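This report describes a protein structure for a reader who is new to such models. Please look at the sequence and the structure below before reading on.

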Amino acid sequence: MWFDESVFYQIYPLGFCDVLVGNDGQHASPVGEHARIKKVVDWIPHIKKLGADAIYFSPVFESDYHGYDTRDYTKIDNRLGSNEDFANVVRTLHENGIKVVIDGVFNHVGRGFFAFQDVLANRENSVYKDWFFVNFGGNNDYNDGLWYEGWEGYYNLVKLNLRNNDVVEYLLSCVKQWIEEFDIDGIRLDVAYCLDHDFMRRLRAHVDSLKTEFFLLGEMLHGDYNTIVNDGMLNSATNYECYKGLYSSFNSMNMFEICHSLQRQFGSEQWCLYRGKHLFTFVDNHDVNRIASTLGDANHIPLIYALAMGMPGIPCVYYGSEWGAEGVKSNGSDNDIRKSYDGPVENELFDKISAMAHAHHTSRALCYGDFNQVVLTNRQCIFARDCGDEKVLVAVNADSQPFYANFNAGTDKAADLISGQECCIAGGFELPPYSAYYWRVN
């Protein structure tokens, strides 16, 4: 599948396009040539140079504020542009060999959603009252004179009843429109851990009937990914277990943490959980602090990407982090991690991540190989990715001092896929301080 071999680039459009403000009708985008969403087109050379060949767009549809409070599943947010503008952006991305995945927020809607507005207006007489979980004898924080279930208690996010067939049919019709009008290549399911499993099965069958190799990715913060990543449901899930293991291993100088997670998930033993699956790998995203603000040592930034690009999974880079942009969640606000940038920056960090991303593309072992630990200390790790016809050793030294690693690779020389240089690894190799290698050994 194309997504198993891709490197993704995540864009949070409302932040990227500098319109992370309430949708009060005062910040509508121009349409046509000057539509705000067209900014993505200007970044295409940068994205391709980085080595990404797929974009995951956070919400693009009309919403009350941040995109996850949907007003209209059929219309691109007026702060970004028009449906035609977004279709043209997707077409241009496809012309440049870049696939497009968009957020599908199916668990809840915003208070401005038409069906919920009808419930507020008509109460028990609303034909949409069973689209939600409503108690007309209660109340809520907005003093509507009725209670309804909000996602995790947030009343601005009104939970949909996915056991109601009318709701499901409506959502599936919107997905059909997205594929036909925008020609998207996949959907990332927001809070997939909350979604009804029968809904996800119907969604899988629905998209398969509309487009081949359509990618369904689920947001999973916890639990067993196998419950939703299987032949009848989703192709992949966000690997939050390894997200935490990646940054924590560097900050605590304990490579055992991430390697334990990788062994637990992808090792060769029968009990390993996700062998053969391609989980979605990231070091930061629109919901967490930027990696440059998370790691205690800036020298570790390229190294954490080396692990993310080298471990089993589908790697993703969050816009701005490829040049070391900083950002921290504060006082309940995500705005600092969802900023707009005037233009992309290409620096030494960008060049290193780009080399790793291109190496990932050129190696079947890095896309499909199994996982086996070779060398592991608190500050160094080497593991093998082997798919039979190709074997790559991923090596990282997180220490400020050189380290001599003893191992037998079965060959004296290897090509480093990151630098393109040949290395002598007979009996071992001295890893320089803060270094990373992808050695192709056969």
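Which residue in strand 21 is the bridge partner of Ala414? The bridge partner of Ala414 in strand 21 is Cys423.

The model is a predicted one, in which local features need pLDDT of at least 70, side-chain atom pairs count only at pLDDT 80 or more, and totals for chains, interfaces and linings use all residues. Residues are numbered from 1 along each chain as its sequence is written, and side-chain values use heavy atoms, with hydrogens and water left out.

## The antiparallel sheet

Strands of a sheet pair through backbone hydrogen bonds, either parallel or antiparallel. Strands (E, at least two residues) and helices (H or I, at least four) are DSSP runs, numbered from the N terminus. Two strands are said to pair if DSSP finds at least two bridges between them.

An open sheet is formed by 6 strands in the order 16-17-18-23-20-21, with antiparallel pairing. Its edge strands are strand 16 (370–376) and strand 21 (422–424), each of which pairs on one side only. From one strand to the next, the twist averages 30°. Axes here are lines fitted to C-alpha atoms, for helices over the stretch in contact, and angles run from 0 to 180 degrees between N-to-C directions.

Helix 11 (residues 301–310) packs on this sheet, touching strand 17 (380–386), strand 18 (391–397) and strand 23 (435–440). Contact means heavy atoms within 4.5 Å. The direction of helix 11 makes about 25° with that of strand 23.

A hairpin of 3 residues joins strand 16 to strand 17, and Asp370 stands opposite Asp386 in strand 17. Asp386 also has a bridge partner in strand 18, namely Lys391. The hairpin of strand 17 and strand 18 has 4 residues between the strands, and Gly388 takes a positive phi near 95° there. Strand 17 is mostly covered, with 6 of its 7 residues buried; buried means under 20% relative accessible area, exposed over 50%, and partly exposed in between (1.4 Å probe, protein chains only).

| Strands joined | Bridges | Direction |
|---|---|---|
| Strand 16 and strand 17 | 6 bridges | antiparallel |
| Strand 17 and strand 18 | 7 bridges | antiparallel |
| Strand 20 and strand 21 | 3 bridges | antiparallel |
| Strand 2 and strand 5 | 4 bridges | parallel |

Another open sheet has 8 strands in the order 13-12-11-5-2-1-15-14, and its pairing is parallel. Strand 13 (236–237) and strand 14 (280–282) each have a single partner strand, so one side of each is left without a neighbour in the sheet. Within this sheet, strand 2 (residues 54–57) is joined to strand 5 (residues 99–104), and Ala54 has Lys99 as its bridge partner in strand 5.

## Nonpolar cores

In soluble globular proteins, nonpolar side chains tend to be buried together. A nonpolar core is a set of buried Ala, Val, Leu, Ile, Met, Phe, Trp, Tyr and Cys residues joined through side-chain atoms within 4.5 Å. The largest core has 141 residues, of which Phe106, Trp178 and Tyr438 touch the most other members. Helix 6 (residues 165–182) supplies the largest share of this core, 10 residues. A second, separate core of 16 residues includes Ile382, Leu393, Ala414 and Tyr437. Not counting residues up to four places away in sequence, Phe106 touches residues including Tyr73, Leu160, Trp178 and Phe199.

Is Ile291 buried or exposed? Ile291 counts as buried because its relative accessibility is 1%. This residue is found in helix 10 (residues 291–294). Among the residues that Ile291 touches, not counting those up to four places away in sequence, are Tyr247, Val283 and Ile304. Ser209, in contrast, is exposed, with a relative accessible area of 56%, and is found in helix 7 (residues 197–210). The C-alpha atoms of Ser209 and Lys176, 33 residues apart along the chain, are separated by 9.9 Å.
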